[in-house]
Structure formats: C-alpha cells, structure tokens
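Please open the structure in your viewer and keep the selection tool handy. We will go from one stop to the next.

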Amino acid sequence: LRSGSLKLPSLASITLDQSDIAGLSPDQLRNVMLHEIAHAMGFGDLWASLGLVDTSNPADPRFKGANAAAAY
C-alpha cells in the first residue's frame, strides 16, 4: 500500500491458474485479465469506501474527483 494514500495499492500481483482459464476463449480470457488488473489497481469497493465514487445510482457510479471526471 502507498504510504499516506488511504490504502491505495502500490504493488499487486495477479495469478491465473491454468485449470480456470483452460476453457476460456481468447476474448473471455482478455476480459478476465482486465477485470483482475482493475482489482489490482484498487477498483472495486475500495474507491467507494474512500468516498471517491458517487454510488447514489448503482447502475451508473461516477468518480467524484474533478481530474477523474475531466479524464472521463
């Protein structure tokens, strides 16, 4: 975790085991990998728990920060 960053990750690892990915198509594997990379970056419950995401509309959560909104 990054010091002074409210538990944001600074290093992560992802392990995909062969038995779980053996039956996936290339597109499915890509989607699984992107999903896990997002978790490694801290996406998920962490962002909302830090008050960085407006979840008042669960179907369309939005980042609250001006920089995030501008980048989006």
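Which residue forms a salt bridge with Arg 62, and how far apart are the closest N and O atoms? Select Asp 60: this is the partner of Arg 62, with the closest N and O atoms 2.9 Å apart. A salt bridge here is a side-chain nitrogen of Lys or Arg within 4 Å of a carboxyl oxygen of Asp or Glu, and by this rule the count comes to one.

Before moving on, a word on the source. This is a predicted model, in which local features need pLDDT of at least 70 and side-chain atom pairs count only at pLDDT 80 or more, while totals for chains, interfaces and linings use all residues. Residues are numbered from 1 along each chain as its sequence is written, and side-chain values use heavy atoms, with hydrogens and water left out.

Now colour the pair by accessibility. Arg 62 is partly exposed at 42% relative accessible area, and Asp 60 is partly exposed too, at 34%. The classes are buried under 20%, exposed over 50% and partly exposed in between, with a 1.4 Å probe and protein chains only.

Arg 62 is among the residues nearest the pocket centre, together with Val 53, Pro 61, Phe 63 and Tyr 72. The lining has 13 residues: nine nonpolar, one polar and three charged. Next, highlight α3 (45-49), β2 (62-63) and α4 (66-71), each of which supplies at least two lining residues; α3 gives the largest share, three. Helices (H or I, at least four residues) and strands (E, at least two) are DSSP runs, numbered from the N terminus.

From Phe 63, step over to the surface. Select Ile 14, Leu 16, Met 33, Leu 34, Ile 37, Met 41, Phe 43, Leu 52 and Phe 63 to see a nonpolar patch with about 730 Å² of accessible area together. Patch members have over 30% relative accessible area and no salt bridge, and nonpolar side chains (Val, Leu, Ile, Met, Phe, Trp, Tyr) are joined within 5 Å. Helix α2 (residues 26-40) brings the largest share, three residues. Zoom in on Leu 16, in the segment before α1 (18-21); Leu 16 is partly exposed, at 32%.

For the last stop, pick Lys 64 in the loop between β2 and α4. Lys 64 is exposed, at 54%.

Methods
Patch = residues over 30% accessible without salt bridge, like charges linked within 9 Å, V, L, I, M, F, W, Y side chains within 5 Å. Areas by Shrake-Rupley, 256 points an atom, 1.4 Å probe, with all protein chains shown as cover. 1 Å grid on protein atoms, 1.4 Å probe; cavity = no way out; pocket = protein on both sides within 12 Å on 5 of 7 lines; lining within 4 Å. Nonpolar A, V, L, I, M, F, W, Y, C, P; charged D, E, K, R; others polar.
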